[in-house]
Structure formats: C-alpha cells, structure tokens
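Please look over the structure shown here before reading on. The report that follows goes through its core, its aromatic rings, its salt bridges and its surface.

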Amino acid sequence: MAKMLVIYKTPTDPAAFERHYHDIHVPLAKQLPGLRRYEISRPPIVNVLQGETPYRVATLYFDDLEAIRTAFASDIGRACAVDRRKFAGDDDMVAMLLFDTEPL
C-alpha cells in the first residue's frame, strides 16, 4: 500500500477553503484512477511538538507509488493539481508526501 499525505496550512479564508474543498476538490479527487481510499482529518488537529499546526490533513491510498504516479499523470490527476491551486494557493500553503507503507 502507498499513501499520499497532503498537509494544508491554515487558509486566509477557511470558509471558502471548506466550500471549495468539499464541493469541488474531493469529488474530483475521488475520480483518480487507482484510488483505494480517501480520508481527511477532523478538527482539532493536535500538534504535540512546537511548530505550526496543520489546518487539514488528507490521506489518499493507492496500491503502490507507481499507481500514484499513474493517477496524477491522468487527465483527472492533472485537473486535481490545477484545482488545488484554486483553494490552497501557492506551494508554501501545502506539503505533499508520497510513500510506500510497510506492515510491522
């Protein structure tokens, strides 16, 4: 299993972020080819270390890293990338991590 972890910083307009995220972005992202599961955080997010607390965390599940690459090379994947800039702005407002998981 591979995951895409998307960590959003607090937007300047949280209400607009939430409307766009739930009404437009999530339905679009749920169409990604190979997507197995999509989860988002519920408030509050608790940061146990010093530093900025994220506003929202999304976790997308795929079979492997290649499936993630394939998904984001698709038309839907490219549309998701364009759409993300509409509600999360510049790259400094979001962090994206891709990784394979290892059962222990």
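With which residue does Arg 78 form a salt bridge, and how far apart are the closest N and O atoms? The partner is Asp 75, and the closest N and O atoms are 2.4 Å apart. A salt bridge here is a side-chain nitrogen of Lys or Arg within 4 Å of a carboxyl oxygen of Asp or Glu.

This is a predicted model, in which local features need pLDDT of at least 70 and side-chain atom pairs count only at pLDDT 80 or more, while totals for chains, interfaces and linings use all residues. Residues are numbered from 1 along each chain as its sequence is written, and side-chain values use heavy atoms, with hydrogens and water left out.

**Salt bridges**

The salt-bridge rule gives a count of seven. Three of them are listed below.

| Residue | Partner | Closest N and O atoms |
|---|---|---|
| Arg 69 | Glu 66 | 3.6 Å |
| Arg 78 | Asp 75 | 2.4 Å |
| Asp 91 | Arg 85 | 3.0 Å |

Helices (H or I, at least four residues) and strands (E, at least two) are DSSP runs, numbered from the N terminus. Arg 69 and Glu 66 both belong to helix 2, three residues apart, about one turn of the helix. Arg 78 and Asp 75 have the spacing of three residues, about one turn, in helix 3. Asp 91 and Arg 85 also belong to a network with Arg 84, joined by salt bridges that share partners.

Accessibility is sorted into buried (under 20% relative accessible area), exposed (over 50%) and partly exposed (in between), with a 1.4 Å probe and protein chains only. Asp 75 has a relative accessible area of 61%, so Asp 75 is exposed. Arg 78 is partly exposed because its value is 43%. Glu 66, at 47%, is partly exposed.

**Core**

A nonpolar core is a set of buried Ala, Val, Leu, Ile, Met, Phe, Trp, Tyr and Cys residues joined through side-chain atoms within 4.5 Å. The largest one has 22 residues, and those with the most contacts inside it include Val 6, Tyr 8, Tyr 21 and Phe 62. Strand 1 (2-8), helix 1 (14-29), strand 3 (56-62), helix 2 (65-73) and helix 3 (75-88) each supply at least two of its residues. Helix 1 gives the largest share, five residues.

Rings of Phe, Tyr and Trp (its six-membered ring) pair if their centres lie within 6.5 Å; planes under 30 degrees apart count as stacked, over 60 as edge-to-face and the rest as tilted. The count comes to seven aromatic pairs. Tyr 8 and Phe 17 are edge-to-face, because their ring centres are 5.4 Å apart and their planes stand at 75°. Phe 17 is buried at 2% relative accessibility, and Tyr 8 is buried at 3%. Phe 17 and Tyr 55 are also edge-to-face, with centres 5.2 Å apart and planes at 85°. This pair links distant parts of the chain, since Phe 17 is in helix 1 and Tyr 55 is in the loop between strand 2 and strand 3, 38 residues apart. Tyr 55 is partly exposed at 23% relative accessibility. Ring pairs join Tyr 8, Phe 17, Tyr 21, Tyr 55 and Phe 87 into a cluster.

**Surface**

Val 48 lies in the loop between strand 2 (37-40) and strand 3. Its relative accessible area is 75%, so Val 48 is exposed.
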